[in-house]
Amino acid sequence: MELKHLNILLTDDDADDCAFFRKALSTLPLSAELTILNDGEQLMQYLLNESNEIPDVIFLDLNMPRKNGSECVSEIKKSDRLKNIPVVIFSTSSNEGIMKQLFKAGVHIYVRKPNDFQQLKEIIYNALPLAAEKTFSTSSVNYILNA
């Protein structure tokens, strides 16, 4: 699937995970700009600032200080301006109850953070077309990607 230049937003409070994600993304055969924010408060301030471009996809950690990923998803999906942005939860948690709640709240893809660089590259590369597909589809299919 040919992807256009993507504006990707990653929100994660773990600096090592952010660096790992940036490095993996930079090795993929696609054109993308990555913006990294460190907590849910920063994410919502960024998204609600109308001078900022709406991202093509948001990769969102669940467990963050100040405002967690679940709270952000709820706010994003309540906003007419933001509700159609594909949201990919990017977390170490594998709690099925939490996954079900997030899918019900409007999350498109749930990714378990891998520790392996090659697996991370594959997961990002596979998640992007799925997220793009959600932009143009009213399908209620959700995806869980595991390393």
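Asn68 caps the N-terminal end of helix 3, with a side-chain oxygen 2.9 Å from the backbone nitrogen of Ser70. Such a polar contact is a pair of N or O atoms within 3.5 Å; within protein, one must be able to donate a hydrogen and the other to accept it, and residues adjacent in sequence count only if both atoms are side-chain atoms. The model is predicted: local features need pLDDT of at least 70, side-chain atom pairs count only at pLDDT 80 or more, and totals for chains, interfaces and linings use all residues. Residues are numbered from 1 along each chain as its sequence is written, and side-chain values use heavy atoms, without hydrogens and water.

**The chain**
- The chain has five helices and six strands (DSSP runs numbered from the N terminus: helices are H or I, at least four residues; strands are E, at least two).
- Of the 147 residues, 48% are buried (under 20% relative accessible area, 1.4 Å probe, protein chains only).

**Helix 3**
- Gly69, Cys72, Val73, Ile76 and Lys77 are buried in helix 3 (residues 69-78).
- These buried residues line one face of the helix, because they fall within an arc of 125° seen down its axis (directions from the helix axis to the C-beta atoms).
- They pack against helix 2 (40-48), strand 3 (57-60), strand 4 (87-91) and helix 4 (96-105).

**Lys77**
- Buried Lys77 has no salt bridge (a side-chain nitrogen of Lys or Arg within 4 Å of a carboxyl oxygen of Asp or Glu).
- The nearest side chain of opposite charge is Asp80, 11 Å away (Lys and Arg count as positive, Asp and Glu as negative; His and the chain ends are not counted).
- The Lys77 side chain reaches the backbone oxygen of Ile85 at 3.1 Å.

Notes. Buried < 20%, exposed > 50% of the residue type's maximum accessible area, 1.4 Å probe, protein only. Contact = heavy atoms within 4.5 Å.
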